[in-house]
Amino acid sequence: MALSCAARRAFLINGQFPGPKLEMEEGDEVEVIVHSRVEKDITIHFHGITQEGTPWSDGVPGVTQLPIHTNESFTYRWTGTEPGVYWYHGHFHDAIEDGLSGPIVIHPAPGRPAPFHLIAEDENDVRALEKANRDTNVLQIRDWRHLTSEELHSHWVASNIEPLCVESVIINGKGAIVCPDEATLAAFSKMGNLTSRGCLGLDSPVIRSFSPNYPDLADPIYFSDCSPTGADVELEVIEVDRESGWASLSFVNTGALFLLTVSVDEHPLIFYSADGQYHEPVEVQSITIPTGERYQVFIKLDKPAGSAYTIRVAIPDVAQSMSGYAILKYKSPEEPVLTAAPGYPALPSSTPFISFAGTGSDEYPDTTSLDPLTIKPYPSAPPPQGPADFTLRFELNRPNGTAWAMNASGLTGTDELTPPFIWQSPQELHALANTNPGLAWTANDSIVDIVHIVAPGNPQHPIHKHFNKAFVLGAGSGEFPYETVADALAAEPGLLNLNNPPLRDGWNTPGALTEPSWLVVRYQTVNPGPNLLHCHIGQHLMGGMQIVLLEGMDVLPPLPVAYAPP
């Protein structure tokens, strides 16, 4: 398959990349039949789907199923209980890196409360917002590399240098290799000189953070060379009609490595949903989205017919500065005028809110960005009150150059081939959880607090919880010296938010470059079964940064015959 004008092996689903959109109504029962025609094992995880009553369809090898082998089939069955935008992706090894993914849209049932009246008071405007939400434009944004996950892993293991550089940022499978001039890149260099691709070079201590390391085996060409695809490369075009009044954009970071900052030139973003959960609207100019997470926004359609504006998707990371682009086009018989600067694709001449690296632009140096820790669920949804029944402390760290951990080495690729935990008895699993730091046992209908402690020297980690969402109570830099949430509130009453905190299935731990950091979430166990808590960066997941939560296993109902041990 060729994207950004370079061929590589990647997954196709029903002959297409990204995979086809799964679209349904709230409450629909869903059946997805997977026929594997690839020469490697796969599973499919439905990211953000709660799997209420169907934990055997969560799609995690070694946890809820065996992998699907070549020429085998597997049927997933679940119910679309919560409306919103979700996605599905491979969960065997680092299949996300190789493009095994597609979007899911669950339309809300009539009468479900929505925050649209907080955006516009006029009834016609509210109806237009409702229609825009139903007709949302899904933008699957991701970093893209021209090496397969196996090739990347081989370079990583041989060199002991983690591959932290991508070729391009693509939107809905389309994009360009962008090569800005040296002056542009120099302005964004944070911790060393950048290569022509905007990456820290192999001479950077950030890249060569573990010894011994062997840069000659890391493929220097992969880190440094940049060949632009030219002005005529195909970009994704989102066409809108001014007469509609509003448009909804649903950004899904389906990448495997970097968080991405999104913005639409000359169009403020009215945020209204995260991870499939309505939140109170907030107007901003940009949103930074970690891998795995989804954000929905409205834009006001108040520009002339035939005009066009650049949709920008930037990597704001220390390790790399880069942008990808799509085009917002107002409906008209006329084609918009596009121009191409050297090293860039042809784009509209619109005024940006963000720079090539996702920071404020020259025109808007103080660009407003969404703070994910301050958003509030709509309708208001306070977390369970009182002391937690279980407090789980997970230390995120990096034991060596090719491993990432959440308390221990976690699950690795070899565990994906073993009989899944869902097949084992509660007694066996309880005993395992007492000795294996990669497992955590909790009872059903319990209040669970998870305290993430991030060791110094770590980047931000986008953590995803399978099954139900959790309330993000707070995060910060420095030590978290408390054993429980109750202890923290007694000592510092304002440290954590138990009133109306964000309700998410993914959260991003603060970076911990020189000192530790922490993040605390709370949820209630409502769906018995084993489920995964893990970093969604593919290299960190494969490196072991994951924990299996054994929730209410003693009340797990009998498995249907199709999902039981053979």
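Strands are taken here as DSSP runs of E spanning at least two residues and are numbered from the N terminus. In the predicted model, the protein chain contains seven helices and 31 strands. The radius of gyration is 23 Å, close to the 24 Å that the globule rule gives for 566 residues, so the protein chain is as compact as a globular protein of that length. Along the principal axes, the C-alpha atoms occupy a box of roughly 65 × 65 × 55 Å.

Of the 566 residues, 60% count as buried, and the accessible surface of the protein chain amounts to about 21,700 Å², with 52% of that area belonging to carbon and sulfur atoms. Among contacts with a separation of 6 or more, 79% are accounted for by residues 24 or more positions apart. The protein chain carries 30 positive and 67 negative side chains, and the centres of these two sets lie 4 Å apart.

N400 stands opposite A403 in β22. In a regular strand the side chains alternate between the two faces of the sheet. In β22, A403 and A405 point one way whereas W404 and M406 point the other way, and all are buried.

Towards the end of the numbering, L559 is found in the segment that follows β31 (546–551). With a relative accessible area of 19%, L559 falls under the 20% limit and is therefore classed as buried. When residues up to four places away in sequence are not counted, L559 touches W56, I422, W423, A564 and P565. L559 and T54 are separated by 505 residues in sequence, yet their C-alpha atoms are 9.1 Å apart in space.

Note on methods:
Residues numbered from 1 in each chain as written. Predicted model: local features only at pLDDT ≥ 70, side-chain atom pairs only at ≥ 80, totals over all residues. Heavy atoms only, no water. Helix = DSSP H or I, 4+ residues; strand = E, 2+ residues; numbered from the N terminus. Rg over C-alpha atoms; globule rule 2.2 N^0.38 Å. Buried < 20%, exposed > 50% of the residue type's maximum accessible area, 1.4 Å probe, protein only. Contact = heavy atoms within 4.5 Å. Areas by Shrake-Rupley, 256 points an atom, 1.4 Å probe, with all protein chains shown as cover. Lys, Arg positive; Asp, Glu negative; His and termini not counted. Charge placed at Lys NZ, Arg CZ, Asp CG, Glu CD. Pairing = 2+ DSSP bridges.
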